[in-house]
Amino acid sequence: MTIYSSKIDLKSNIQIKTPLNRCCNCGTTTALSPVLTELKRSRFMLLAGTEITIKQELPYCPNCLKTAKRQPVGMVSKFLMAIIVFFPLLVSLAFMPDSIMNQIPTPIILLSFYLIACILVFWFYSLQKPIGEQTSYYQPIRLKKIKQKFSGEIIGYVLAFTNQQYQNDFIAANRDEINKTTIEIISA
Ligand SMILES: [Zn+2]
């Protein structure tokens, strides 16, 4: 779920080169097709936030094609989703006997229901598992951070990869930008 206050159009002179020799998720080298992949970075402030999207052509095999569109779901998003799950759960309070309701303070009941909602959301996401050789159920390349000047101009990207081989290829292809620290790689 995304609640965004604004979409920003920003300038960046950084050229990211993406190798197209292997699937960026499972690493296979056959039947690849390049897919324009939207990598997003969100910043939340209470319920609002901003989002920056960069589009990169990345190679996927037919089995991993679907993962190109699956944005990884962060902790903040999960806790927000739990709020949505929380309200239908509250309906079940109507079926609780008054004798129980009168004994437990309302804040405790509400907190317990929110905790149950969180457990349900986190459990649901824990079921989303990669198939076969896949290194991720989600996009295998993550935009972890965007370094910006005060003017908004982008001066650096921090990326993470779930496929180690693809990460190595990427580092080799972007040696110059990595040396300039305009591209930084961290572990996924
Ligand atoms: Zn693949």
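A: Helix 1 passes helix 3 in a right-handed crossing; a crossing is called right-handed if the near helix is turned clockwise from the far one by less than a right angle, and left-handed if it is turned anticlockwise. The model is a predicted one, in which local features need pLDDT of at least 70 and side-chain atom pairs count only at pLDDT 80 or more, whereas totals for chains, interfaces and linings use all residues. Residues are numbered from 1 along each chain as its sequence is written. Helices (H or I, at least four residues) and strands (E, at least two) are DSSP runs, numbered from the N terminus.

Two packed helices are described by the angle between their axes and the distance between the axes. The axes are lines fitted to C-alpha atoms, for helices over the stretch in contact, with angles running from 0 to 180 degrees between N-to-C directions.

Among the residues of helix 1 at this meeting are Phe79, Met81, Val85, Phe86 and Leu89, and helix 3 contributes residues including Phe113, Ile116, Ala117, Leu120 and Tyr125. Contact requires that the C-beta atoms of two residues, placed from the backbone, lie within 7 Å.

The domain assignment of the protein chain gives domain 1 as 6-68 + 139-187 and domain 2 as 77-126; such bounds come from an automatic or database domain assignment. Between the C-alpha centres of domain 1 and domain 2 there are 37 Å.

Elsewhere in the chain, three strands form an open sheet of mixed pairing, in the order 4-5-6. Its edge strands, each pairing on one side only, are strand 4 (141-148) and strand 6 (183-187). On average, neighbouring strands of this sheet are turned by 25° against each other, direction ignored. Two strands count as paired if DSSP finds at least two bridges between them. Seven bridges link strand 4 with strand 5 (residues 154-161) in the antiparallel sense, and Lys147 has Gly156 in strand 5 as its bridge partner. These two strands form a hairpin with five residues between them, where Gly152 in the turn has a positive phi of about 105°. Strand 5 and strand 6 run parallel and are joined by five bridges; here Val158 stands opposite Glu184 in strand 6.

Leu143 lies in strand 4, opposite Leu159 in strand 5. Having 20 C-beta neighbours inside 10 Å, Leu143 counts as buried. A residue is buried with 20 or more other C-beta atoms within 10 Å of its own, exposed with 12 or fewer, and partly exposed in between, the C-beta atoms being placed from the backbone. Residues up to four places away in sequence aside, Leu143 touches Leu39, Lys40, Arg41, Ile54, Tyr157 and Leu159.

Most residues other than glycine have a negative phi, and most peptide bonds are trans. Thr181 has a positive phi near 60° and is found in the loop between helix 5 (175-179) and strand 6. With 11 C-beta neighbours inside 10 Å, Thr181 counts as exposed.
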